[in-house]
Each structure stands twice: as structure tokens, then as C-alpha cells.
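Dear colleague,

I am passing on a structure for you to look at, and below it I have set down what was found. Please keep it open while you read.

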Amino acid sequence: MNIELLRICYKITGFLPLIVFLFYYFKGGKIEKSIFNFLPFIVLMFFATFVECHFFKYSVKKWIRLYDFLEFYTLLWFFYKEIKLKKLYSFFSLSYLLLYIYLIITWDNTKIADQPLVIFTILLVLVSGILWFINVFKNFEETPLYKRTGFYIIGVILFYILSTSLSFLFTEYFWKNNRENAFILRNIILSFNTISRIIITVTLLKFLKFDKNESKF
């Protein structure tokens with residue numbers, strides 16, 4: 001795919017999930033709890049796309065670090081609301097905050113990626129994904145996985161974080177040693193992001209329903 005076309009698709013798909021959510025919400029659609037829990041990430045995606053469209057060229061490194069911070073806590077919020085393990089997520093929250101503060105003091109501005117933050121986010125998602133599946137099978141709930149909003153959301157989070165974050169880690173290595181390969185990896189990250197955003201939009205369209213007789217929650 002042409003890189004310019006890929007970038008256009010990336011930007012468009014970044015706006016779509018929040019637009020779809022707001023359309024259903026203000027039209028009286030039924031919004032499932034898992035989607036509300038995921039809403040902060042959807043808002044962040046919209047805001048990040050807006051920033052990248054208008055201001056991305058000015059301070060890329062600072063923006064990436066701010067986005068890493070916001071992304072981690074929007075994902076943590078979703079998993080906390082879904083799994084409800086207060087001690088575990090308090091530990092994740094405090095540990096990440098301390099790590100972030102430490103890196104603010106010690107950051108080397110010549111670096112592109114921030115591996116400790118990326119690795120911590122991967123750890124959060126992997127642990128939470130495993131716990132979610134354990135809870136489902138442990139409680140013997142009758143609703144099959146393919147009918148669960150949370151299953152699709154967690155699936156896309158796993159796909160998004162594992163694909164983009166791992167690629168991002170390799171990007172810094174190649175950036176230092178082979179710029180051409182680094183640009184190829186960045187295009188791969190862009191593709192994974194676009195696919196993830198499409199899956200999120202399709203998930204919202206699948207589970208958002210117009211039913212004025214039922215509560216939004």
C-alpha cells in the first residue's frame with residue numbers, strides 16, 4: 001500500500017471509533033459497560049490523531065512520552081473496571097508512576113523510544129488479558145466468548161500492544177544502526193495501528209444497538 005494512502009487511512013480510522021460511539025449515544029443507543037470502560041482509550045485515540053494531524057512535527061519525543069503515559073492509564077482503567085483487582089492495579093499504577101518520574105529525571109533526549117515504559121505496558125496487558133480469561137472460565141458464565149464485548153476489546157488491545165509495542169522496541173535499535181529498516185518498521189507500526197482502529201470501530205458497530213427501552217448501562 002502507498003505510504004501516503006496508509007497515513008490517510010490511519011488518520012481517518014483514529015477519528016471513527018469516537019464518532020461512532022457519540023452517534024449511538026446521542027441517538028439513544030444501548031451502550032454496554034465494557035464499551036464505557038474502554039471509552040477513555042477511544043477518546044485518547046481521537047485526541048492523539050488530532051494532535052498528530054496538526055502538531056506532530058513540533059515535538060515528537062515529548063508527545064510520544066506523554067502518549068505512553070496516557071495510554072497506560074486508560075488501559076489500566078479499562079482492565080481495573082473489568083477485573084476489579086484493586087491491589088494489583090494500584091501496584092501497577094504506582095510502579096508505573098514512579099518509573100515515569102524516574103525517567104523524567106534521567107531521560108536521554110537522543111533516544112526515540114522509551115523501552116521501560118513500553119515493556120511495562122506490555123506486562124500490564126499480558127497479565128490482565130490472562131486474568132480476564134481465567135475469570136471467565138472460573139465463573140462458568142453461560143455467555144459464549146464471541147458474544148462478549150470485553151472479549152473483542154481485550155483481543156484488539158492484545159493485538160495492538162503486542163504488535164505495535166514490540167515493533168516500536170525494534171525501531172529504536174534499527175534507528176541507531178539502519179535508518180532504512182527503521183522506516184520500514186515504522187510503516188509496519190502504522191499498519192498495525194490502522195488495523196487495530198478498524199477492529200475497534202467494527203466492534204462498536206457490532207455491539208452498539210438502538211434500544212430505547214433499556215438502560216445505557
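**What was found**

The structure holds one salt bridge, and please bear in mind throughout that the model is predicted. The partners in this salt bridge are Glu4 and Arg7, whose closest N and O atoms are 3.2 Å apart. Because Glu4 and Arg7 are three residues apart in helix 1 (residues 3–26), about one helical turn separates them. Partly exposed here means a relative accessible area between the limits of 20% for buried and 50% for exposed, so Glu4, at 45% relative accessibility, counts as partly exposed, and Arg7 counts as partly exposed at 39%.

On the surface there is also a nonpolar patch, formed by Leu97, Ile101, Ile104 and Ile105, which together have about 380 Å² of accessible area. Of these residues, Leu97 lies in helix 4 (residues 86–106), and Leu97 counts as partly exposed because its relative accessibility is 34%.

Sorted by class, the lining of the second largest pocket has six charged, six polar and two nonpolar residues.

Methods. Residues are numbered from 1 along each chain as its sequence is written. This is a predicted model: local features need pLDDT of at least 70, side-chain atom pairs count only at pLDDT 80 or more; totals for chains, interfaces and linings use all residues. Side-chain values use heavy atoms; hydrogens and water are left out. Ala, Val, Leu, Ile, Met, Phe, Trp, Tyr, Cys and Pro count as nonpolar, Asp, Glu, Lys and Arg as charged, and the others, Gly among them, as polar. Patches are made of residues with over 30% relative accessible area and no salt bridge: like charges are joined within 9 Å, nonpolar side chains (Val, Leu, Ile, Met, Phe, Trp, Tyr) within 5 Å. Accessible areas come from the Shrake-Rupley method with a 1.4 Å probe; for residues, only the protein chains shown count as cover. A salt bridge is a side-chain nitrogen of Lys or Arg within 4 Å of a carboxyl oxygen of Asp or Glu. Helices (H or I, at least four residues) and strands (E, at least two) are DSSP runs, numbered from the N terminus. Buried means under 20% relative accessible area, exposed over 50%, partly exposed in between (1.4 Å probe, protein chains only).
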